[in-house]
Amino acid sequence: MPINIDHIRGLFPVLHQEVNGRPLVYFDNAATTQKPLAVINALSDYYKKDNSNIHRGAHTLADRATRYYEATRGLVKSFINAKEEAEIIFTKGTTEGINLVAATFGRKFIQEGDEIIISTLEHHSNIVPWQMLCEEKGAVLKVIPINEAGELDMQAFDELLTSKTKLVSVVHVSNALGTINPVAEIIQKSHQKGAKVLLDGAQSTSHLEIDVQALDCDFMAFSAHKLYGPTGLGVLYGKREVLDAMPPYQGGGEMIKEVTFAKTTYNEIPFKFEAGTPNIGDVIAFGKALEFINETGKKAIKAYEDELLSYATEQLEQIKGFIPVGTAKNKVSVISFNINGMHPFDVGMMLDANGIAVRTGHHCTQPLMQRFGIEGTVRASFSVYNTKSEIDTLVASVSKIAKIKNK
Ligand code: PMP
């Protein structure tokens, strides 16, 4: 089914407002997506009708909240085609998912002299936890370089991968450039060397169809808020055999089987990794976001976003002074750029004055910006509720702004 854009825009209340006297054009979707009314209502309905602590309650509200919470786990399982619901762990977000793996898998399986591979495209949340772990363990962090287009140098990856590599942790889709990485090849090659693979799916899950069994990744971390769901909530997928072998993350309620002062035994997965009262309301609301994606259709979303991407790219490239950053052949609907002679922040401020929301700066990828010898970029990222007419507004504004320094 093709995208019915009027219907879709009608589902997102935030889009229907003016900013600085102009209709809002929201092109900051890689930072966070907007929420459909069903998500907003699910959150308030939960607190109005169902609020209760989950899993052990003997009463009706607790039973209802538990069923709704666990239903979202089922939706996530299907969304990424995991083998079982127990492989879906709710976290605070991608950042916590990666930190969980670093803290538990890392604590148990990374030893002095072991190697971990990441890439130049990584978000800080897929750099810093590994640096901390490597420092603690005396392990070595290696980085896959990229070419000028912002694509991974796969020959270099082959050379970095050795029998000492214990973990390869790479971003599936770059948040700063939109590059789609060849993760199936990375996973297959890493497994041949006996290394586990974590995919940072923060950006890929909203644009691409995900099948963790077909990919065969060992872990995938992502955030609900980039998938039309609430902030402060995410998912860590892990294969059962890997999760079972890992020690718990945090100690507390929910994650235990039995506690005595002499010894504690731990709960089964996923509960072993979900200590304390979880973010119940947001998990339930996230279910509505996944239903929205399922109803709209991942294929239709991708096709529509790709259309927006090529429409915008073709026009922006005509503008004198427009400098694209990241021109990978295989990319999602993200356009990172600079304007010759102008600071990205100034460009962002001028676009905001026209009601256009973009992100400017290093996008939490400072080493990537250093690779390109720049401080940052302006990033316009498109989602399923954006339109060609909004892109026309962006192109007209960028064109006008570029003329200031590019006559
Ligand atoms: N990785 C990537 C590629 C991201 O885009 C982001 C969010 N900008 C993160 C990790 C971190 O996600 P969160 O802040 O939701 O934990």
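Residues A65, Y68, Y69, A71, T72, L75, V76 and F79 of helix α3 meet I280, V283, I284, F286, G287 and L290 of helix α11, where contact means C-beta atoms, placed from the backbone, within 7 Å. By class, this contact has 12 nonpolar, 2 polar and no charged residues; Ala, Val, Leu, Ile, Met, Phe, Trp, Tyr, Cys and Pro count as nonpolar, Asp, Glu, Lys and Arg as charged, and the others, Gly among them, as polar. The model is predicted: local features need pLDDT of at least 70 and side-chain atom pairs count only at pLDDT 80 or more, while totals for chains, interfaces and linings use all residues. Residue numbers start from 1 along each chain as its sequence is written. Helices (H or I, at least four residues) and strands (E, at least two) are DSSP runs, numbered from the N terminus.

**Helix pairs**

- Helices α3 and α11 (residues 280–296) pack at an angle of about 45°, with their axes 8 Å apart; axes are lines fitted to C-alpha atoms, for helices over the stretch in contact, and angles run from 0 to 180 degrees between N-to-C directions.
- The two helices α3 and α11 are therefore oblique to each other; angles under 35 degrees count as roughly parallel, over 145 as roughly antiparallel, 65 to 115 as roughly perpendicular and the rest as oblique.
- The crossing of α3 past α11 is left-handed, meaning that the near helix is turned anticlockwise from the far one by less than a right angle, with clockwise giving right-handed.
- Helix α4 (residues 94–109) and α5 have axes that come within 9 Å and cross at roughly 20°, which makes α4 roughly parallel to α5.
- In that contact, I98, N99, A102 and G106 of α4 face P129, W130 and L133 of α5, giving 5 nonpolar, 2 polar and no charged residues.
- The crossing of α4 past α5 is right-handed.

**Seven-stranded sheet**

- An open sheet of 7 strands runs in the order β4-β10-β9-β8-β7-β5-β6, with mixed pairing; two strands pair if DSSP finds at least two bridges between them.
- Its edge strands are β4 (88–91) and β6 (140–144), each pairing on one side only.
- From one strand to the next, the twist averages 20°.
- Strands β9 (residues 219–223) and β10 (residues 234–238) run antiparallel and are joined by 5 bridges, with F222 opposite V235 in β10.
- Helix α3 (residues 60–80) lies across β4, β9 and β10, at about 115° to β4.
- Helix α5 (residues 128–137) lies across β5 (115–119), β6 and β7 (165–171), at about 145° to β6.

**Four-stranded sheet**

- A second open sheet has 4 strands in the order β13-β14-β17-β16, with antiparallel pairing.
- Strands β13 (322–324) and β16 (359–361) each have a single partner strand, so one side of each is left without a neighbour in the sheet.
- Strands β14 (residues 334–339) and β17 (residues 377–381) pair over 4 bridges, and S336 stands opposite R379 in β17.
- Helix α13 (residues 344–353) lies across β14, β16 and β17, at about 160° to β16.

**Ligand shell**

- The ligand is surrounded by 14 residues, the closest being G93, T95, N175, A202 and S223; a residue counts as near if its C-beta atom, placed from the backbone, lies within 6 Å.
- This shell has 3 nonpolar, 10 polar and 1 charged residues.

**Backbone details**

- The peptide bond from I269 to P270 is cis, with omega near 0°, and P270 lies in the loop between β12 (264–266) and α11.

Note on methods
Two residues are in contact if their C-beta atoms, placed from the backbone, lie within 7 Å.
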